[in-house]
Amino acid sequence: MKVLMPEYSTLTRGDIDMSGFESIGDLVILDHPTREELKSELADTDILLVNKVNVDEDLLSAAPKLRYVGECATGYNNIDLAACKKRGITVTYVPAYSTDAVAQQVFAFLLEHFSKVHDYNAFVKDGGWVRSGNFSEFCFPTAELAHKTIGLVGYGRIGSKVALIAKAFGMNVLATSRSFLSGYSGDGLAQFVPLDTLLAESDVVSVHCPLNDESLHLFNEKTFAKMKEGAFFINTARGPIVSEPALAAAVKSGHLSGAAVDVIEEEPMKEGSVLLDAENCIVTPHVAWAPKETRQRLVDVVLSNVFCWLEKEPVNVVEAD
């Protein structure tokens, strides 16, 4: 049985245990293959394990033996589920593996923006405190998180975890979700309101919804205009949910006090990205999910998914609606 992994290096730099993949069958690793190289290898592949590779009709047509696609992530919008179903190909994913890590990244962004730790450290290391003469040199404006309102767009596992942490900081939590229309969440942490209300009343807006037809460019020029003056925007969900020119404009104009994104529309980032010269816009290279423990957890579930499928008891299966 041939197992193809075209994004092996996305999961490890040699720091986690990947040995289990070799026990599935004949493992073939491709690093950043071209589309044609990938299609060539797929000709005799039984199992395909991907992360961001676009598994569409064109790719599947080159894989007559393919019977299983394992998504090494929670989001599976890169896979044409209908085309897989038509060919009898099982598709699985990995739910909930990165909840703690992504929620942690949200607060890393928040604390950086409101406490200016990086700026103060650079100031001190550059000799600023030595020269100042003041025992307390508060030259960068900081603010408390307590009593501020955070608005969560999407309230799945990650959104609810962020709400729990926000409450520990003394924040008020608003949320909007297709699953809840009004009132308080079952966990009692968030008050559900319409999106426009959330935008108008939140000091911080954090995105936690999936990417689909409804959420594509949900945050655009009009959406940002509805946000509270001086609000802070965070996206750790999917890049295409946000129009990057609109975000850059909102930050540059001062309407937003800043933004932080771990995901962008096209990854890896290309030269000339509008976010590169946007001051007060923190960009990290899609690493919120990537602590060592988190990646090992992901790999363990991916392997478990494959072995359950081989035993004809598949779990974490996703199908076309």
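The paragraphs below go through a predicted model, from the whole chain to single residues.

The chain has 321 residues, and a compact globule of that length would have a radius of gyration near 20 Å. The value for the chain is 22 Å, which agrees with that expectation. Along the principal axes, the C-alpha trace spans about 70 × 50 × 35 Å. The secondary structure consists of twelve helices and 13 strands. Of the residues in the chain, 48% count as buried.

Next comes a sheet. Strands of a sheet pair through backbone hydrogen bonds, and the pairing can be parallel or antiparallel. An open sheet in this chain has eight strands, in the order β8-β9-β7-β6-β10-β11-β12-β13, and its pairing is mixed. At its edges are β8 (183-184) and β13 (281-283), each of which pairs on one side only.

Strand β6 (residues 149-153) runs parallel to β7, and five bridges join them. Within this pair, Val153 stands opposite Thr176 of β7. Strand β7 covers residues 172-176, and four of its five residues are buried, so the strand is largely enclosed by the rest of the structure. The other pairing joins β11 (residues 231-235) to β12 (residues 256-261), again in the parallel sense and over five bridges. Here Ala231 stands opposite Leu256 in β12.

Helix α11 packs against part of this sheet. The helix covers residues 244-252, and its buried residues are Glu244, Ala246, Leu247, Ala248, Ala250 and Val251. What do these buried residues of α11 pack against? Their partners are α10 (221-226) and the strands β11 and β12. An α-helix has 3.6 residues a turn, so residues three or four places apart point the same way. Just after α11, Gly254 takes a positive phi of about 90 degrees.

Some backbone angles deserve a separate look. Most residues other than glycine have a negative phi, and most peptide bonds are trans. Is Asn280 buried or exposed? Asn280 has a relative accessible area of 53%, and because exposed means over 50%, it counts as exposed. Asn316, in the segment after α12, is not a glycine either, yet has a positive phi of about 55 degrees. With a relative accessible area of 28%, Asn316 is partly exposed.

Thr294 lies in helix α12 (residues 292-310) and is buried, with a relative accessible area of 5%. Leaving aside residues up to four places away in sequence, Thr294 touches Tyr97, Ser98, Ala101 and Trp289.

Val55 is in the loop between β3 (47-50) and α3 (57-60). Although Val55 sits in a loop, it is buried, with a relative accessible area of 0%. Which residues does Val55 touch, not counting those up to four places away in sequence? They are Leu48, Val50, Leu60, Asn78, Ile79 and Asp80. Phe192 stands 137 residues from Val55 along the chain, and the C-alpha atoms of the two are separated by 36 Å.

Thr34 also has its place in a loop, the one between β2 (26-29) and α2 (35-42). Thr34 is partly exposed, with a relative accessible area of 43%. Pro6 lies 28 residues from Thr34 along the chain, and their C-alpha atoms are 9.8 Å apart.

Conventions:
Residues are numbered from 1 along each chain as its sequence is written. This is a predicted model: local features need pLDDT of at least 70, side-chain atom pairs count only at pLDDT 80 or more; totals for chains, interfaces and linings use all residues. Side-chain values use heavy atoms; hydrogens and water are left out. Helices (H or I, at least four residues) and strands (E, at least two) are DSSP runs, numbered from the N terminus. The radius of gyration is taken over C-alpha atoms; the globule rule is 2.2 Å times the number of residues to the power 0.38. Buried means under 20% relative accessible area, exposed over 50%, partly exposed in between (1.4 Å probe, protein chains only). Two strands pair if DSSP finds at least two bridges between them. Contact means heavy atoms within 4.5 Å.
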